[in-house]
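Here are my notes on the model, as numbered points. Please read them with the structure open.

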Amino acid sequence: MKAVCWHGANDVRVDTVPDPKILNPRDAIIKITSTAICGSDLHLYNGFIPTMESGDILGHEFMGEVVELGSAVKNVQIGDRVVVPFTISCGNCFFCQRDLWSLCDNSNPNGWIAEKMYGHSPAGLFGYTHMLGGYAGGQAEYARVPFADVGLFKIPDGLSDDQVLFLTDIFPTGYMAAENCNIQPGDTVAVWGCGPVGQFAIKSAYMLGAERVIAIDRIPERLQMAKEQCKAEVLNYEELDVGEALKEMTGGRGPDSCIDAVGMEAHGTDAMAFYDKAKQAVRLETDRPTALRQVLVACRKGGHVSLAGVYGGFLDKVPMGAAFNKGLTLKMGQTHVHRYLRPLLEHVQNGDIDPSFVITHKMSLEDAPTGYEIFKHKKDNCIKVVLKP
């Protein structure tokens, strides 16, 4: 089959690789009909996440048709259309039983690597390093889905791939980011980053009762989407001082909650942003926490800070004093997709939201290298790329 394979920083290729096979009675094989390039795939593309190996198949946002089932998989049938959470979870461990699916104890066969860096291993992920399982990803014609008896969700008739594909990651990720803010009626929420996750965080904040959402970015088309599609007030951080603007917009108090939908490759205009870029380039720092610093300082006293953007390692000069002395509540982590998938699917079925609004580019699988390049460099007004194998 054809698959998008990582061969080093800024080098992905469409290779011919062996077809996946059933390895366990709880496995399924999916013929992929739609898959997407995620912002977190760019961290791999840019070479900032360790334990990738040449030839690894990328991709963790995918859906398709069931073509083969292990003997223990009874929840779906061959021919069903399904979506697949990007987190791989067993459904039986201490964490899965507590609805903390992205913290599964049993799905990462390389957990010992993650334990050295993080103390404990999170769940395995599709197409996202050997530290997180070494699983083949879904930017391919076919994929093996482990623990398919709890990791496949059948899609009802009448919904297109474009409407449901993002239930695999970015819609639940944006929703959990907003839920972590403990939004109360009348709240003002500020969202740093208007990429796809940021767009869904804005929409979700309104769904959860926010009165105002203020979105921060520097890319005109992303700010335009946040304003026109998501009804956010927008700030371009290259044109003003975001902290002062937020104070002015909130009567000097600051937003009730702040979402960092940027993560480890933040850009900025101040001296610290250039400091981070230099340190990251020579591997003296793994992450560039420009957005996180602003979030912690801007949030009102007693407010909530939610991190949806991915952080991978070690951060420098994070203002923990601001977080401590203002009594902030911080929540973060990979998304518990299994928890959110069915309720968010109901929102799609009810017409409350059409997640396809973020799609700006559709390409064939063979065009994936071009898709990575235009997504990375935000060319051609690119916000979200969907690949069709």
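1. Ring pairs join Phe166, Phe171, Phe200 and Phe357 into one cluster. Rings of Phe, Tyr and Trp (its six-membered ring) pair if their centres lie within 6.5 Å; planes under 30 degrees apart are called stacked, over 60 edge-to-face, and the rest tilted. This is a predicted model, in which local features need pLDDT of at least 70 and side-chain atom pairs count only at pLDDT 80 or more, while totals for chains, interfaces and linings use all residues. Residues are numbered from 1 along each chain as its sequence is written, and side-chain values use heavy atoms, with hydrogens and water left out.

2. By the ring rule there are eight aromatic pairs. The pair Phe126 and Tyr135 is tilted, because the ring centres are 6.4 Å apart and the planes stand at 55 degrees. Both Phe126 and Tyr135 are buried (under 20% relative accessible area; exposed is over 50%, partly exposed in between; 1.4 Å probe, protein chains only).

3. Lys203 lies over the face of Phe357, 4.8 Å from the ring centre. Arg98 is placed over the face of Phe94, at 3.7 Å from the ring centre. The rule for a charge over a ring is NZ of Lys or CZ of Arg within 6 Å of the ring centre and within 35 degrees of the ring normal.

4. Which residues touch the most other members of the largest nonpolar core? They are Phe166 and Ile259, in a core of 75 residues. A second, separate core has 23 residues, including Phe62, Val82, Trp101 and Ala143. A nonpolar core here is a set of buried Ala, Val, Leu, Ile, Met, Phe, Trp, Tyr and Cys residues joined through side-chain atoms within 4.5 Å.

5. Asp99 sits in the loop between strand 7 (87-88) and helix 2 (111-118); helices (H or I, at least four residues) and strands (E, at least two) are DSSP runs, numbered from the N terminus. Asp99 is partly exposed, at 31% relative accessible area.

6. Asp256 lies in the loop between helix 8 (242-249) and strand 14 (257-260). Asp256 counts as buried because its relative accessibility is 9%. Its side chain makes a polar contact of 2.7 Å with the side chain of Arg300.

Terms used. A polar contact is a pair of N or O atoms within 3.5 Å; within protein, one must be able to donate a hydrogen and the other to accept it, and residues adjacent in sequence count only if both atoms are side-chain atoms.
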